[in-house]
Amino acid sequence: MTVHALYIGGRFVEATSSRTLDVIDPATQEVIARVPDASEADVSAAVAAARRAFDAGPWREVTAQERGRILFRLAEAVRRRAAELADLETRNCGKPIVEAEFDIADVATCFEYYGGLATKVHGDVIPVPDNAMSLALREPAGVAGQIIPWNYPLLMAAWKLAPAICAGCTMVIKPAEQTPLTLLALAREFEAAGLPPGVVNVVTGLGQPAGAAIVSHPEVDLVAFTGSAETGRTVLRTAADGIKKVSLELGGKSPNIFFADADFEAAVDGALFGVFVNQGEVCSAGSRVLVERSVYPRLLEAMVEKARRITLGPGLDRRVKMGPLVSREQFDRVRGYQELGKREAKLAVGGGRATGAGLDAGLFVEPTIFYDVDHGARIAREEIFGPVACVMPFDDE
């Protein structure tokens, strides 16, 4: 079992807090690592490092071309370590290894995209009525506080790191407490890629106090948060006190809509993919499946038949199509909605904990499909963030 430190000011340092968090493999519920539960003092040290790097460090003199090269070097490091990072992602969050490999490839692509964009960020010439010329120039916002969710740990981190590096910001980034391992692994590449000390700082810990301290810190200029709508509201209210720029990516309850003239097999596969990929732990999961009534029974039957054939198991097994949920908390949440659904609608398949060889020790739930769901039901309105589909008929557009 590995014990990790915080990454602050270009090096790994011990936390001032003595508290630690266990990181589990959700397929077995075994502890695979421990990370610090950062305190407000740890966050302040990280913010101070980011502030120095932005205000007085060599980062201010790094050209857009060099920022682009840094991002390309990070992409090269990710591709070089792709197998290791995918393995670590699967063991930490449970997703099937094939999906993790796609995610890690997307991480590299994200760094490459912003590496190319770094030299393409231009200002504007604005017409004015006088005999004059007005220029608008784009400048980095400053210190960015970034809070990452657990469903796509390294990819979501890249979505925040890459544009901030591209723009010339410095960062304090907190991975989800459940899934910090791949970001900590990537931090070992920052110096070699050319990032000066303090440009990227990684603090691990709970939302309270670490996440809250990032959002409320007066020296943080911008907050980028991905997570639940409830926490997003708290972030927005807190950031308002400091008049910070805020970027929020929150949850949803997305519909997949299938008309009778749709390609039937593609519709079935699309409906299943939309709600069961990544164990349904996706903010844009198509968890409401609306089907035109004339094909409703047939499409529902086909979905159920294919759902029964989904292979569950530890994600490192390449035959597996669905892994465990990320944590006990999330497992209990999804199980609660499965039981609620049995009272609110009709159950077509699943509806319980998945059991059997290789499953009993882990946080596995059955792919679940409810049908004839009323639009006012809680399972139709509330984000479940698990492999639970609500199939509902409609009559016309």
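**View 1. The largest nonpolar core has 56 residues.** Leu74, Phe111, Leu161, Phe190, Leu195, Val200 and Val202 touch the most other members. Helix α5 (residues 153-167) gives the largest share of this core, ten residues. A nonpolar core is a set of buried Ala, Val, Leu, Ile, Met, Phe, Trp, Tyr and Cys residues joined through side-chain atoms within 4.5 Å. Helices are DSSP runs (H or I, at least four residues), numbered from the N terminus. This is a predicted model: local features need pLDDT of at least 70, side-chain atom pairs count only at pLDDT 80 or more, and totals for chains, interfaces and linings use all residues. Residues are numbered from 1 along each chain as its sequence is written, and side-chain values use heavy atoms, without hydrogens and water.

**View 2. Leu74 and its contacts (heavy atoms within 4.5 Å).** Neighbours within four places in sequence are left aside. Leu74 then contacts Phe111, Ile165, Glu189, Phe190, Ala193 and Leu195.

**View 3. Arg79 and Glu112 form a salt bridge.** The N to O distance is 2.9 Å. A salt bridge is a side-chain nitrogen of Lys or Arg within 4 Å of a carboxyl oxygen of Asp or Glu. Arg79 lies in helix α2 (residues 64-80) and Glu112 in helix α4 (residues 97-117), so the pair ties together parts 33 residues apart in sequence. Arg79 is partly exposed at 42% relative accessibility.

**View 4. Lys174 pairs with Glu177 in a salt bridge.** Their closest N and O atoms are 3.6 Å apart. Lys174 is buried at 3% relative accessible area. Buried means under 20%, exposed over 50%, partly exposed in between (1.4 Å probe, protein chains only).

Key:
Helices (H or I, at least four residues) and strands (E, at least two) are DSSP runs, numbered from the N terminus.
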